[in-house]
Amino acid sequence: MTTQTTAAKTVAASGPNAPSGLIGIPADLARALATGGSVLAVVSTFLAWTWTAAYPGDLTVYGYPGGLQVLVLVGGALATLFCLASYGVKGLGWLTPAGADAAVKYAVLGTFATAWYTVISISVELGGVVNLEPGGYVVAAATLIALLGALALPFERPEPDPIDPEAGGWEQFTHDAGHAMAVLRAAFASGSPRPVRTLPSYAEILVIVAVLAIALVVFTYGIGTEYDEQFVGFLITAGFGFGALNRSGLIAHASQISARHQNITVCGAFVAAALFPFTQTDDQYATLGVYILIFATVALGLNIVVGLAGLLDLGYVAFLGVGAYAAALVSGSPSSPFGVHFPFWAAVLVGALASLVFGVLIGAPTLRLRGDYLAIVTLGFGEIFRIAVNNTDGTSGPDLTNGSNGIASIPDLNILGFDLGVAHDIAGFTIGRFANYFFLMLLITAVVVLVFRRSGDSRIGRAWVAIREDETAALAMGINGFRVKLIAFAVGATLAGLAGTVQAHVTYTVTPEQYLFAGTTPPNSAFLLAAVVLGGMGTIAGPLIGAALLFLIPNKLQFLGDYQLLAFGLALVLLMRFRPEGLIPNRRRQLEFHEEADAPTVLSKTGA
């Protein structure tokens, strides 16, 4: 574990077992190189990096960073602050409650990756390094110097495991490779953050507001990236920036503060989300916003089934389809054989109840199965639903869903005289069609979050967790396993159907191809399950963040073409290898995957 936080401690260490860096540079010089390189990287963003505006972002202007220069500026500034904190500069100690060195390495590495990606991209797209202006060379040299300095910062090296002296060449190689990986992990490890001191309530609320404001800015910037190079740079900067903040201990402190004011944090998060449409000049990115909310809401419903109850459901998207089809059939579509037009509240009830009925009908005979057998049955249900709605076209079966053509021309919602299909002016802001549905979907997401929180903290929620952890032990303690699992299945199906009723009106058309097990475009069952696992099973924020990432990243990586799923799958494999508990882990699951982690004072059931 890295306990080094100041230059003074580095100098004090001596002897053959003294901490050392990955590169043989003296600690004082290494820290100076990291600091100076980071400062120079910030300065370079105010220089021109190329001579022509043919490269996206117009990097030809002096004194005004643009495009990818802004990302390098942010990364360099963050690295500079951590470097100064490592010197013990007064007033910056709060930045590194878990130590500065690991945070410096992550921040410098992210700045280096973004800068060199930009330089290489300019050279490739414009035809050589001759197209670089002095600023391009400066930022490349500065970030390389900073990286060398950061990698030379000292850390405690782990002792190698003993090996049999008679071990063969392969055993020796695997032993050396394992030790090398352990050393690399130790180089980027940080210590346990010191406990955050109790602040006045108003100060802690201001901290929560600041964190939510930063999150809104980051999300708005990411969703509004205008070209491929900028989005790739954003992913690099955001990923390493989050890693740096996490290693510094700031994420842990923010989590502790938000845990003291959970209701305020949840309300503040929804207020921040509601402000998103007001940051947009048109309806273009509000479209992505409403689809992300639909995807996230369904993922949160699946989190009840998978994250709390531990039931692997591979056909969950079918419940979204049941709700969408049920609402479309009674919402006045000319393709509907019923010819009725229910008000929104009635259509919502129809969609939710239809999904509830299907959840009970499918769950009742199958939930006595466990593990892989249950997963296979739910996968079969998802495919049966898609084939059934494809065949109920009046030819292969009854005329109900219009077959592969689906139910089209679903009218926009009109709630209490408020037409969601037309733009409205609110406080001088024009709120378009998708922004209207964004607010509606945000309200439904709030309902789903409320259901998740209340059920997770209830008696039935504790029974779900018991079933998930050890079903045999739970049954021995008197829990009715079948009843508990059926309730989880029914609640999850109902929440998915609730989201499906809005999806039907947003997309205008409901077709069987929208509800596949796997595909390049979410929502589908594979992406929904990945969102829950990626974000963190059993938590509220985890599936919401995981769903946002899984919807936004494939949408922005379309330039990869046939290699999109390959890159996406590789990223998921790496994430599951190095962070199997998810981005926002439940504390109990984090302890399962990382036994060396410190035990928490209180174990939460549904996460922060």
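Modeller: Happy to! Let's begin at Y227, which touches P56, G57, G67 and L68 once residues up to four places away in sequence are set aside. Please keep in mind that this is a predicted model. Y227 sits in the loop that runs between helix 7 and helix 8 (228–248). Is Y227 buried or exposed? Its relative accessibility is 16%, so Y227 counts as buried, the cut-off being under 20%. For a sense of distance, take V506: 279 residues separate it from Y227 along the chain, and their C-alpha atoms are 26 Å apart.

Helix 10 covers residues 262–274, and its 13 residues reach 18 Å from first C-alpha to last, close to the 18 Å expected at 1.5 Å a residue. Its buried residues are T265, G268 and A272. Viewed down the axis of helix 10, these buried residues fall within an arc of 65°, so they line one face of the helix. On the face of helix 10 turned away from the buried side you will find the exposed residues N263, C267 and V271.

Another buried position worth a look is T378 in helix 14 (residues 371–391), with a relative accessibility of 1%. Beyond its sequence neighbours up to four places away, T378 touches L312, D313, L314, G315 and F489. Helix 14 also holds E383 and R386, three residues apart, or about one turn of the helix. These two form a salt bridge, with their closest N and O atoms 2.7 Å apart. Both partners are partly exposed, E383 at 24% relative accessible area and R386 at 23%.

How many salt bridges are there? The count comes to four. One of them joins the side chains of R31 and D101, at 2.9 Å from N to O. That pair links distant parts of the chain, with R31 in helix 2 (residues 27–44) and D101 in helix 4 (residues 101–126), 70 residues apart. R31 is buried at 2% relative accessible area, and D101 is buried at 0%. A further salt bridge brings together the side chains of R468 and E469, at 2.8 Å from N to O. Here R468 is buried at 17%, whereas E469 is partly exposed at 38%.

Finally, the surface. L22, M181, L184, L570, L574 and F578 make a nonpolar patch of about 540 Å². Helix 6 (169–187) and helix 21 (564–578) each supply at least two of its residues, and the largest share, three residues, comes from helix 21. L184 belongs to helix 6 and is partly exposed, with a relative accessible area of 38%. Leaving aside neighbours within four places in sequence, L575 is in contact with L534, P580 and L583. L33 is 542 residues from L575 in sequence, and 31 Å from it in space, C-alpha to C-alpha.

Conventions:
Residues numbered from 1 in each chain as written. Predicted model: local features only at pLDDT ≥ 70, side-chain atom pairs only at ≥ 80, totals over all residues. Heavy atoms only, no water. Helix = DSSP H or I, 4+ residues; strand = E, 2+ residues; numbered from the N terminus. Expected span 1.5 Å × (residues − 1). Buried < 20%, exposed > 50% of the residue type's maximum accessible area, 1.4 Å probe, protein only. Arc of directions from axis to C-beta. Patch = residues over 30% accessible without salt bridge, like charges linked within 9 Å, V, L, I, M, F, W, Y side chains within 5 Å. Areas by Shrake-Rupley, 256 points an atom, 1.4 Å probe, with all protein chains shown as cover. Contact = heavy atoms within 4.5 Å.
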